[in-house]
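Hi,

Here is the structure I promised to pass on. Have a look, and my notes follow below.

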Amino acid sequence: MQSIPVDMARLGSVMCVVPPEPRMNPDTGEVRKDREGNPVWVVGVSVRQLEKRRADVIDIAVSGQPQGISEGARVVVVDLVATAWEIDGRKGTSFRAAAVRPENAAAGGGGSAPGRGKAAASGGDA
């Protein structure tokens with residue numbers, strides 16, 4: 001699967017609409033882990049292209065529990081990538097980021113630089 005960097009500069013403000021929660025394996029009930037063994041968390045955020053009126057909600061997987069994020073908070077997404085997937089006739093897009101931080105705590109830390117090695121899709125339930 002190919003990971004495609006997302007240009008966060010083309011999006012308006014990004015807001016948390018579903019607070020962070022651990023990504024669970026539906027078969028075992030255990031928290032999913034990334035390749036390094038860190039727990040994977042999911043944050044639901046609303047995103048909107050600047051020139052469009054329509055907003056979408058996407059789930060973004062991150063390694064480790066995001067801190068200081070609550071519903072309605074504006075957030076900064078660092079190194080967001082999209083990965084198309086297809087499993088058993090179902091298809092979709094998964095999103096993964098290096099971090100999701102509160103906007104007021106992200107000074108000097110936001111961006112969308114590509115090239116993260118951990119940018120693989122986090123699962124098949126996007």
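First, a term: by a nonpolar core I mean a set of buried Ala, Val, Leu, Ile, Met, Phe, Trp, Tyr and Cys residues joined through side-chain atoms within 4.5 Å, where buried is under 20% relative accessible area (1.4 Å probe, protein chains only). Keep in mind that this is a predicted model, with local features needing pLDDT of at least 70 and side-chain atom pairs counting only at pLDDT 80 or more, while totals for chains, interfaces and linings use all residues. Residues are numbered from 1 along each chain as its sequence is written, and side-chain values use heavy atoms, without hydrogens and water.

The largest nonpolar core has 19 residues, and V45, I60, V77, L80 and V100 touch the most other members. Strand 2 (14-22), strand 3, strand 4 and strand 5 (74-78) each give two or more residues to this core; strands here are DSSP E runs of at least two residues, numbered from the N terminus. The top contributor is strand 3, with four residues.

Now the sheet: eight strands make an open one, ordered 1-6-7-4-3-2-5-8 with mixed pairing (two strands pair if DSSP finds at least two bridges between them). Strand 1 (3-5) and strand 8 (99-102) are the edges, each pairing on one side only. Strand 1 runs antiparallel to strand 6 (residues 81-87) over three bridges, and I4 sits opposite A82 in strand 6.

Cheers

Conventions. Buried means under 20% relative accessible area, exposed over 50%, partly exposed in between (1.4 Å probe, protein chains only).
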